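Please open the structure in a viewer and keep the selection tool at hand.

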Amino acid sequence: MLTRRLFASALAVLTGGTVAVVLLQPHAATAERRGQAPVVIGHRGASAHRPEHTLLSYEAAIAMGADYIEPDLVSTKDHILVARHENDITGTTDVAAHPEFADRRTTKTVDGRPITGWFTEDFTLAELKTLRAKERVPDLRPDNTAFDGVAEIPTFDEVVRLAQRHGVGVYPETKHPTYFDSIGLSLEEPLLETLNSNHMRKVYIQSFETANLRELRKKTRLPLIQLITFGGAPYDWVAAGDQRTYDDMVKPEGLREVASYANGIGVDTRRVVPVGADGKVTEPTTLVQDAHRRRLDVHVWTIRNENSQLPLDYRLGNPASPAFPRATGDVMGWLTRLLDLGADGAFCDDPAMGRAVVAKRTS
């Protein structure tokens with residue numbers, strides 16, 4: 001496997017504290033102006049090529065040149081953090097084929113939405129390890145189904161150890177922190193404990209909610225990233241009756257507040273380059289510049305290869321072909337556009353594409 005030495009994060013050892021790490025606050029200039037290359041984040045590993053959130057996917061991302069690998073974190077019944085896109089594992093594992101777990105199927109309300117399926121918090125780690133992962137979007141990525149039934153659900157500890165062996169960073173996301181707090185399975189303490197026990201220093205921690213990032217800021221100097229979707233609001237705001245939304249968060253006063261507890265923002269690409277009703281890109285916003293003025297890094301998500309996942313301007317091939325939606329479009333051109341606008345990094349389903357774009361810019 002490829003061993004990499006990262007230079008994108010300014011980290012220093014801090015004696016004492018919950019986690020022995022500190023991040024120097026980034027300058028307002030873009031990564032490239034600071035003499036650093038934009039970071040390539042293997043989104044759920046190399047999910048364009050392997051079923052997401054498996055060691056197979058993370059290993060592929062490392063081999064393709066990712067600076068960081070990204071596990072979404074949820075909890076088991078015995079309070080062990082595992083990497084899954086959601087705590088609902090119906091679509092990402094073979095749990096439905098296990099008759100011994102048939103009675104675990106249930107309906108729960110997560111972040112205000114009723115969901116029926118099987119949930120990690122109803123299984124011990126030992127039970128989850130009897131399941132096998134499968135491709136979440138087989139219609140879009142049929143080749144990945146060749147790996148269905150091969151990989152286990154990895155623990156966060158296993159992901160961290162893999163990253164350490166190869167000299168890359170980890171970029172964990174806390175999934176549904178308000179929900180997990182409500183059932184007594186808080187994510188933040190075991191997350192920090194895992195990082196601390198492994199002396200992991202190449203880290204960003206991300207969340208779509210705000211309260212847990214504020215809590216984390218009191219416990220660690222690791223860099224925190226506030227995730228921002230194209231619509232909606234942080235669920236902790238919704239639960240508290242706060243009427244503000246992500247639209248408020250990206251305004252100058254909202255970014256000022258984010259900068260009081262986070263080191264950067266992770267944003268839907270449409271927050272940087274909107275897409276019109278015709279599917280084509282429109283004029284860029286000022287979000288990147290506004291965030292940099294607040295000394296916030298900007299990481300964009302998600303850079304995907306498939307035509308159906310790209311703006312109309314960046315699609316390639318014959319639209320009449322049945323394979324057109326999943327064919328690779330001009331993903332390198334799209335990422336180049338976003339980096340030209342000052343993005344400091346990108347979440348890539350295909351880290352090799354991201355690495356190629358960054359290498360071309362820094363050669």
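The stops below visit several helices and their surroundings.

This is a predicted model, in which local features need pLDDT of at least 70 and side-chain atom pairs count only at pLDDT 80 or more, while totals for chains, interfaces and linings use all residues. Residues are numbered from 1 along each chain as its sequence is written, and side-chain values use heavy atoms, with hydrogens and water left out.

**First stop: α1**

Select residues 55-63, which form helix α1; helices (H or I, at least four residues) and strands (E, at least two) are DSSP runs, numbered from the N terminus. Ser-57, Tyr-58, Ala-60, Ala-61 and Ile-62 of α1 are buried, that is, under 20% relative accessible area with a 1.4 Å probe, protein chains only.

**Second stop: α1 with α3**

Now show residues 156-166, helix α3, beside α1: the two pack at an angle of about 20°, with their axes 11 Å apart. Here axes are lines fitted to C-alpha atoms, for helices over the stretch in contact, and angles run from 0 to 180 degrees between N-to-C directions. The angle makes α1 roughly parallel to α3, a label for angles under 35 degrees. Display the side chains of Leu-55, Tyr-58, Glu-59 and Ile-62 in α1, which meet Glu-158, Val-159, Leu-162 and His-166 in α3; contact means heavy atoms within 4.5 Å.

Keep α3 and select residues 188-197, helix α5, which packs against α3 at an angle of about 30°, the axes being 10 Å apart. On the α3 side the contact is made by Phe-156, Asp-157 and Val-160, and on the α5 side by Leu-191, Thr-194 and Leu-195.

Move to residues 331-340, helix α11, where Val-331, Trp-334, Leu-335, Leu-338 and Leu-339 are buried. Seen down the axis of α11, these buried residues fall within an arc of 135°, so they line one face of the helix; the arc is that of the directions from the helix axis to the C-beta atoms. Finally, select Gly-342, which follows α11 and has a positive phi, near 105°.

Notes. Buried < 20%, exposed > 50% of the residue type's maximum accessible area, 1.4 Å probe, protein only. Parallel < 35°, antiparallel > 145°, perpendicular 65-115°, else oblique.
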